[in-house]
Amino acid sequence: MIDATSLDLFELNRKIKSVKGRKIVINNVLGQRFIGSGVEDKKSIEIYGTPGNALGAYLNNCDITVYGNAQDAIGDTMNSGSITVYGNSGDATGYAMRGGLIMIKGSIGYRGGIHMKEYREHKPVITVGGCAGNFLGEYQAGGIILVLGIGSEDKVPIGHYCGTGMHGGVIYVRSRFRPKHFPPQVLVEECDEQDAKVIEKYVRLYAERFNADAERLINSEYYKLVPNAKNPYKQLYTNN
Amino acid sequence: MPINYIYPKYDVVRDSTRCIKCGACMRQCANEVHSYDDELDVMKSDSMDCVDCQRCVSICPTRALKIIPAENRLRPNGSWSQDDIYEIYRQAEGGGVLLSSMGTPKNYPIYWDKMLINASQVTNPSIDPLREPMETRVFLGKKPGKLEFDRKGKITTKLGPHLELNVPIMFSAMSYGSISKNAHESLARAAEELGTYYNTGEGGLHKDFYKYGKNTIVQVASGRFGVHEEYLNAGSAIEIKMGQGAKPGIGGHLPGAKIREEVSRTRMIPMGADAISPAPHHDIYSIEDLRQLVFSLKEATNYTKPVIVKIAAVHNVAAIASGIARSGADIIAIDGFRGGTGAAPTRTRDNVGIPIELALASVDQRLRDEGIRNDVSIVVGGSIRNSADIVKAVALGADAVYIASAALMALGCHQCHSCHLGKCNWGIATQRPDLVKRLNPEVGYKRLVNLVNAWNYEIKEILGGMGINSIEALKGNRLMLRGVGLADKELEILGIKHAGE
Ligand code: SF4
Ligand code: SF4
């Protein structure tokens, strides 16, 4: 147990790394950055308050839970483990993450899941309970982004320019309306059975964690956004 | 359409009195220029795909081959060169961005060649490096404002992490993927032997090379390929790539075809998938954001490794460098626009950025003016061709230099400017196993060691000639330089006097 009151980010992170034990709880967190970055031996970190930017950057094998909101760039280049936020999170959530699970109870800011990618057993997943801001899944190269739009059932819960530069992975959007206005790299498709299974799996995880109505969420309409061609960049060049 | 016909750039000339029809050229040319005609019993060639890499010329046992510029010319025109016209034909046909590789071949001024180095005569005696110790070791990283000692004379000031180089030369970033595994191994082993560093580039670090970690700089670029905790901790320093001299302002694209088994494992992306490095880091929109990435990397490595921020030399480089110096970075690497690349849009490569000499001079001056020069070290690259360039760079204010094109040349690169085709006949810019095999790392690393040792000796000799016995003492010592044939403004930016003054 650590009290973060009046500790700056250096002091707090030093403390986190020096505390023995694989499970820690941090109280009164107020904007300290980089929590969970470079912690090798910790299994779980519980945070009360609002952690600062780059929470869980390069995270490996550690589960972080935030009882509060999170700021920008959480899970930057994260490799494995999980980040669960009982609130909203800011811009660039899950930037370039390669593995693990990020679950946000509420909404996320701009550029969520930007440049996330997958590799073999690593398949990153971001589940967003509420809405996602503009540029969701920009340059996405792999992994799954699931946007549930809870409480925003009257509109499509993703912003503009979603999937710009997307060349891998998939985005699932729970929505009654077919999402529109995508860049040419993105295709909007109906979900098939395989997709439904994936959606169900992550919806159940979400519902369990945040006490949501799993059945209602599962029995909704979903759309699937995927990249348009296998190598969308290939045609762009002329050899000189 | 006949306009699509572009006459080959080169002619392959075979002296039939020398050719013994051994077929070596045919086996060696990955561009399949040479062939053997069974019926006529002659070696033939179709130079259409020849890139003038000189592989066949070098391998031919009887010196029967030469590659010469093709004589067929379009009607000469002072406004429209043949290249200009052919590029239009290509784009009219393909409709794409023109793609090239290596450094720009255009004739931009090379300021290194317009600066001359001083030597001492009569008053301040010159030093012979064979007789007297001469220091070319450099330390890169933040230098403390003052040093404190305890009563026994031991330093008590806490020094930040830094890099120690036996020679003021490092191998700059070239990713595994853009160059071959054997090329990487040659660089890594040479860095170890020389007591300096090579740089992984943005393609991750191959498992086999973790053992060279002490001499490795690991790079983090916008694509974050192969970046994970173990990787960050594997090297001695971390470089954040913001830009590259050959293609400032744009990202990278390693085509899916080059992502084979091992490259895929190292980059941690699926085989055959395109590896796109977006132009910007999408979490960096300001110096304050850069600071955040710098410190997230420091936090992930427990403040044990210096962080380098690499930028391309662009118009506002001095102001940008000043920001970087305040971001918590320990080293700034500046890459000039004549630097090489594995692939870049031709127009960007040939038109964007500024010469490294001017960028270096203005950055060093700016940081001095602001009193923050000692907060960071400066490393420059992008067209360092020889030891004299290095001496001039140090005199203009660099702490050390990065070399890449020169290093590849030591490994056999013949500057055919075709790296982006992935069929490098010298086993460097390719992933084709039969081609990679041609570069023997055992031989390659020794050639790199030879080159750098030779340069280091030349540096000592030139230093000695100036009566200076340590490279530190030359740093920023612009009085040791004079310009020739430079205009006032150029002299002013370089901060040097004209020869004769
Ligand atoms: S591409 Fe190289 S090996 Fe092939 S013909 Fe031309 S110079 Fe010879
Ligand atoms: S690395 Fe290979 S392909 Fe690239 S310029 Fe050198 S010889 Fe040509």
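## Between chain B and chain A

Four salt bridges are counted between chain B and chain A. A salt bridge here is a side-chain nitrogen of Lys or Arg within 4 Å of a carboxyl oxygen of Asp or Glu. A:Arg33 and B:Glu288 form a salt bridge, at 3.4 Å from N to O. This is a predicted model: local features need pLDDT of at least 70, side-chain atom pairs count only at pLDDT 80 or more, and totals for chains, interfaces and linings use all residues. Residues are numbered from 1 along each chain as its sequence is written, chains are lettered from A and ligands numbered from 1 in the order in which they are written, and side-chain values use heavy atoms, with hydrogens and water left out.

Contact (heavy atoms within 4.5 Å) links 48 residues of chain B with 42 residues of chain A. The two chains bury about 3900 Å² between them, and 51% of this lies on carbon and sulfur atoms. On the chain B side, B:Glu229, B:His282 and B:Gln292 lose the most area to chain A, together 18% of what that side buries. Buried area is the accessible area (1.4 Å probe) that two parts lose on being put together, summed over both.

## Two domains in chain B

Chain B has domain 1 (10–96) and domain 2 (128–142 + 165–472). These bounds come from an automatic or database domain assignment. The domain centres, taken over C-alpha atoms, are 33 Å apart.

In chain B, 13 residues of domain 1 are in contact with twelve residues of domain 2. These two domains bury about 1100 Å² between them, 47% of it on carbon and sulfur atoms. In domain 1, B:Ala30, B:Cys53 and B:Arg55 lose the most area to domain 2, together 48% of what that side buries. One salt bridge is found across this domain interface.

## Around the ligands

Ligand 1 is surrounded by 13 residues; the closest are B:Cys29, B:Cys50, B:Cys53, B:Gln54 and B:Cys56. A surrounding residue has a heavy atom within 4 Å of the ligand. The shell of ligand 1 has seven nonpolar, four polar and two charged residues. Ala, Val, Leu, Ile, Met, Phe, Trp, Tyr, Cys and Pro count as nonpolar, Asp, Glu, Lys and Arg as charged, and the others, Gly among them, as polar.

The residues around ligand 2 include B:Met102, B:Cys413, B:His414, B:Trp426 and B:Ala429. The shell of ligand 2 has eight nonpolar, four polar and no charged residues.
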